[in-house]
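Read it with the model open beside you.

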Amino acid sequence: MGGGGWAPSQFEGTTQDGYGIYCRYRGGYLSVDISNEPGGDAISDGKEILGLQLGPQLHGGMSLGQLCSIAGITINGERPPMPTLAEIRKERWLDLSGTTSFFNFSLDSTVETAKRIVSSMGDLLGGAHFVERVMDMDFQTTGAILRNTPAEFETIDPTIMFGERPVASELVKVSDTISLQDLYPTSLLLNTNFSGFRHPLRMYLRSQILDKQLDELGRNVKIAGHDDECLYGALMFAASFPTKDVQKRHTLQQVAEKTNALTPEFKVHATNLQTGEPLPNFDEIKRIDPVITDWVLSDERNWLQIRIERFNEQRIIVGYRLNMSLN
């Protein structure tokens, strides 16, 4: 049994009686396949005998030792050692034993709403504290600094700390080998990522094929995210915590609830832009940034999204706009 890599991590081997084994870990999901017959290929002619959602949706790395421990695999009768803490950090592996749980949350957000959401965390678990890494010219971490509000952020990945208020004398110790969690082991750390905290958001590229078809229809439209008047990016939250820690689990549930409250659900109606007919089969329910909502509703030319869809064996242009809030 051998292998490795990242997103996916892949391992292959053969059982003692000659069956092929293929193990794959990507998107937090581990699958173990075995060939249908001795000498066979587990990938092209096999079946899944184990499937587990172990880690975050964007995670794709594990060691051979972790694989063998989780899947109950031995190599020549022995189980490879589990990685050390230093190895885990270097390779960006995670504790996938089940004693650690993971929280991931993401949404499309304007800068205004992203800052409002982060600010709303202030009253959870005794208060939220905003911390940013300090990096030198070689992109090495040389400490961290406490920020008062999201308006002061200078990086795209600040950390929201719940618990003890960090102090400057400790924050200067943060480095590429000493983490914030090392210094504050009992605090809950919510890692945040949003390019708009540091950089102006950019327009998403519009499909030239779609634009050509819209021109042929005489449709002069604007699309959220593809127009300077309405730019957004992905706001992402991630955290890990001891599975048995009920308080931290509850705090993260509150994080999700506060975020949802600031991005209400809407019924999104689909329209065939070639005929003007409604397409109820394409209708969706989505959580939408209120700044985007206001922009879409401000002008009939503004659309939440426009896509080329397949309908009745034909490709049609479908526009998506909002109806009333479901809340």
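Buried means under 20% relative accessible area, exposed means over 50%, and partly exposed lies in between (1.4 Å probe, protein chains only). By that rule F103 is buried, and F105 is buried too. This is a predicted model, where local features need pLDDT of at least 70, side-chain atom pairs count only at pLDDT 80 or more, and totals for chains, interfaces and linings use all residues. Residues are numbered from 1 along each chain as its sequence is written, and side-chain values use heavy atoms, with hydrogens and water left out.

**Aromatic rings**

- Rings of Phe, Tyr and Trp (its six-membered ring) pair if their centres lie within 6.5 Å; planes under 30 degrees apart count as stacked, over 60 as edge-to-face, and the rest as tilted.
- The structure holds six aromatic pairs.
- F103 and F105 are stacked, because their ring centres are 6.4 Å apart and their planes are at 15°.
- F194 and F197 are edge-to-face, because their centres are 5.2 Å apart and their planes are at 70°.
- Both F194 and F197 are buried.
- F194 and F197 also belong to one aromatic cluster with F130 and F153.

**Charges over rings**

- A charge sits over a ring if NZ of Lys or CZ of Arg is within 6 Å of the ring centre and within 35 degrees of the ring normal.
- R92 has its charged end over the ring of W6, 4.4 Å from the centre.
- R321 lies over the face of W303, 5.5 Å from the ring centre.

**Cysteines**

- A disulfide is a pair of cysteine sulfur atoms within 2.5 Å.
- The count is zero disulfides.
- For C68, the closest cysteine sulfur is in C23, 7.8 Å away, so it is too far for a bond.
- C68 is buried, at 0% relative accessible area.
- C230 is buried as well, at 2% relative accessibility.
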